[in-house]
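Open the structure in your viewer and keep the selection tool at hand. The tour goes stop by stop.

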Amino acid sequence: MAAALGRAGRDQELHDPDAGKSAVDRLVNRVAEVLGVTTLGTIVLLVFLNAVGRYVFASAIVWAEELVIALIPWLAMTGVFLSVRRRAVIRIDYFLERLPRRLRVPVSVFASVLSAAAFVYLARYSLDYLTFFGGDLTTYLELPTGWFTSAMAIGAAASALAFALDIFRTSRSGGAR
């Protein structure tokens, strides 16, 4: 039984999450994956190089921490966007499955509408923040902070659009997805 559980878990982890999706959906998800992996790889590399520099050579890369901190919102929003696109956001399916079949689609659509609204709200106020503080320069790199804080506005808007597309598809298909 343990071997069967191990195989099932491995199969779940290694399956293609975009199998059966349209070419456009697969392309959008692959671009987001590449951006996320590149961002994560950059963060890991900078942290590693900075640690080696600090502890082996007693000389840190002064701008590395600034760049790592600036890239984290992009990593987070890429992950949020992908999870919305793949319908892998945390939700309580246990309760949804306990509802009568005729209520499942309306409740699911309602939850997606609320989620999209929350992301629109986040995008709106992130844009305000970006407008006020986006021109400030980072300490070491002397880049506008807006390059990095725009992740919240762009990621939230993209996630709201992904929820809107999900609402459209769920409504059209009657929940058969």
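Start with a cluster of charged side chains. Select D16, D18, R30, E33 and R86: salt bridges link them in a network. Keep in mind that this is a predicted model.

**Stop 1: R30 and D16**

Center the view on R30 and show D16 with it. Their side chains meet in a salt bridge, with N to O at 3.2 Å. Where do the two residues sit? D16 is in the loop between α1 (2-14) and α2, while R30 is in helix α2, so the pair ties together parts 14 residues apart in sequence. D16 has 35% relative accessibility, so it counts as partly exposed. R30, at 32%, also counts as partly exposed.

**Stop 2**

Is D18 buried or exposed? Its relative accessibility is 0%, so D18 counts as buried.

**Stop 3: R30 and E33**

Next, select E33. It forms a salt bridge with R30, the closest N and O atoms being 3.4 Å apart. Here both partners lie in helix α2. They are 3 residues apart, about one turn of the helix. E33 counts as partly exposed because its relative accessibility is 25%.

Before leaving, zoom out. The structure holds 10 salt bridges.

**Stop 4: a nonpolar patch**

Select L27, V31 and L35. They form a nonpolar patch on the surface. Together, the three have about 290 Å² of accessible area. One of them, L35, lies in helix α2, which runs over residues 23-56.

**Stop 5: α3 against α6**

Finally, select residues 64-85 for helix α3 and residues 146-173 for helix α6. Two packed helices are described by an angle and a distance, both taken between their axes. What are the angle and the distance for α3 and α6? The helices pack at an angle of about 0°, and their axes are 9 Å apart. Angles under 35 degrees count as roughly parallel, and α3 and α6 are therefore roughly parallel to each other. Color the contact of α3 with α6 by residue type: its residues divide into 18 nonpolar, 3 polar and 1 charged.

Key
Residues numbered from 1 in each chain as written. Predicted model: local features only at pLDDT ≥ 70, side-chain atom pairs only at ≥ 80, totals over all residues. Heavy atoms only, no water. Axes fitted to C-alpha atoms, helices over the stretch in contact; angles between N-to-C directions. Helix = DSSP H or I, 4+ residues; strand = E, 2+ residues; numbered from the N terminus. Parallel < 35°, antiparallel > 145°, perpendicular 65-115°, else oblique. Nonpolar A, V, L, I, M, F, W, Y, C, P; charged D, E, K, R; others polar. Patch = residues over 30% accessible without salt bridge, like charges linked within 9 Å, V, L, I, M, F, W, Y side chains within 5 Å. Areas by Shrake-Rupley, 256 points an atom, 1.4 Å probe, with all protein chains shown as cover. Salt bridge = Lys/Arg side-chain N within 4 Å of Asp/Glu carboxyl O. Buried < 20%, exposed > 50% of the residue type's maximum accessible area, 1.4 Å probe, protein only.
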